Amino acid sequence: MTNTDMANVDPGKQIEAQIPDLKRYARSLARSEADANDLVQDCVERALLKWHLYKPGTNLRSWLFTMMRNVFISQKRREAVSQRYMSQAVHDESTIARPSQMHSVYLKETVQAMDELSEQERSAVQMLGIDELSHQAAAELNSLPVGTMKSRLSRGRANLRTVLQMSEGDL
């Protein structure tokens, strides 16, 4: 068959004629029969999808072999990334410290201490210390001067330190 005759033949038939050679090449790349069959299938699928890129008159076998090699390399890269991700995830999981009972106890004590503050102090500690609002934003929300918010925060923190029996730098 000449190149002109090949251009008139159905792409599926042209590719089908190359499958025995593709299988041999796939076995040399994949090293297992099942992986080789998958590789041939992926290559044929891609060739059919990309048939518009094939230039009639060029070597179809070379075009398919190049495509198969590229598919194989892409799969190996994807596997390597996946393996690195999984090993990192396993490593990260083993280094994460689980919360201890002490954290739970300390959190409950802190919540109880917050309940002992006046409503104004609790609001100031919540807005400025937990919600991390600026002094200006908290003052505007409460329609108060900035100095009043600072004062309430200071008193609230001091009362929390007293209740929790902490020193000045701990809160």
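## Helices α6 and α9

Helix α6, residues 101-116, packs with helix α9 at an angle of about 130°, and the two axes are 9 Å apart. This angle makes α6 oblique to α9. The crossing of α6 with α9 is right-handed. The structure described here is a predicted model.

On the α6 side, the contact is made by Y106, E109, T110, A113, M114 and E116. On the α9 side, L160, V163 and L164 take part. Sorted by class, the contact of α6 with α9 has six nonpolar residues, one polar residue and two charged residues.

## Helices α7 and α8

Helix α7 covers residues 119-130 and helix α8 covers residues 135-142. They pack at an angle of about 135°, with axes 9 Å apart. That makes α7 oblique to α8. The crossing of these helices, α7 and α8, is right-handed.

From α7, the residues S123, M127 and L128 meet H135, A138, L141 and N142 of α8. The contact of α7 with α8 has four nonpolar and three polar residues, and no charged ones.

## The buried side of α7

Five names make up the list of buried residues in α7: E121, A124, V125, M127 and L128. These buried residues of α7 pack against α6, α8 and α9. M127 and L128 are both buried, and both also belong to the contact with α8.

After α7 comes E132, which has a positive phi, near 60°.

Side chains of opposite charge can pair when their charged atoms come close. E121 forms such a salt bridge with R155, and their closest N and O atoms are 3.6 Å apart. E121 belongs to helix α7 and R155 to helix α9 (residues 146-164), so the pair ties together parts that are 34 residues apart in sequence.

The two partners can be described by their accessibility. E121 has a relative accessible area of 9% and is therefore buried, since the cut-off for buried is under 20%. R155, with a relative accessible area of 39%, is partly exposed.

R61 is partly exposed, at a relative accessible area of 40%. The residues D21, R24 and R61 are linked in a network of salt bridges.

Another salt bridge is formed by the side chains of K76 and E79, again with an N to O value of 3.4 Å. Both K76 and E79 lie in helix α5, three residues apart, which is about one turn of the helix. An α-helix has 3.6 residues a turn, so residues three or four places apart point the same way. K76 is partly exposed, with a relative accessible area of 40%. E79 also counts as partly exposed, at 38% relative accessibility.

How values were computed:
Residues are numbered from 1 along each chain as its sequence is written. This is a predicted model: local features need pLDDT of at least 70, side-chain atom pairs count only at pLDDT 80 or more; totals for chains, interfaces and linings use all residues. Side-chain values use heavy atoms; hydrogens and water are left out. Axes are lines fitted to C-alpha atoms, for helices over the stretch in contact, and angles run from 0 to 180 degrees between N-to-C directions. Helices (H or I, at least four residues) and strands (E, at least two) are DSSP runs, numbered from the N terminus. Angles under 35 degrees count as roughly parallel, over 145 as roughly antiparallel, 65 to 115 as roughly perpendicular and the rest as oblique. A crossing is left-handed if the near helix is turned anticlockwise from the far one by less than a right angle, and right-handed if clockwise. Contact means heavy atoms within 4.5 Å. Ala, Val, Leu, Ile, Met, Phe, Trp, Tyr, Cys and Pro count as nonpolar, Asp, Glu, Lys and Arg as charged, and the others, Gly among them, as polar. Buried means under 20% relative accessible area, exposed over 50%, partly exposed in between (1.4 Å probe, protein chains only). A salt bridge is a side-chain nitrogen of Lys or Arg within 4 Å of a carboxyl oxygen of Asp or Glu.
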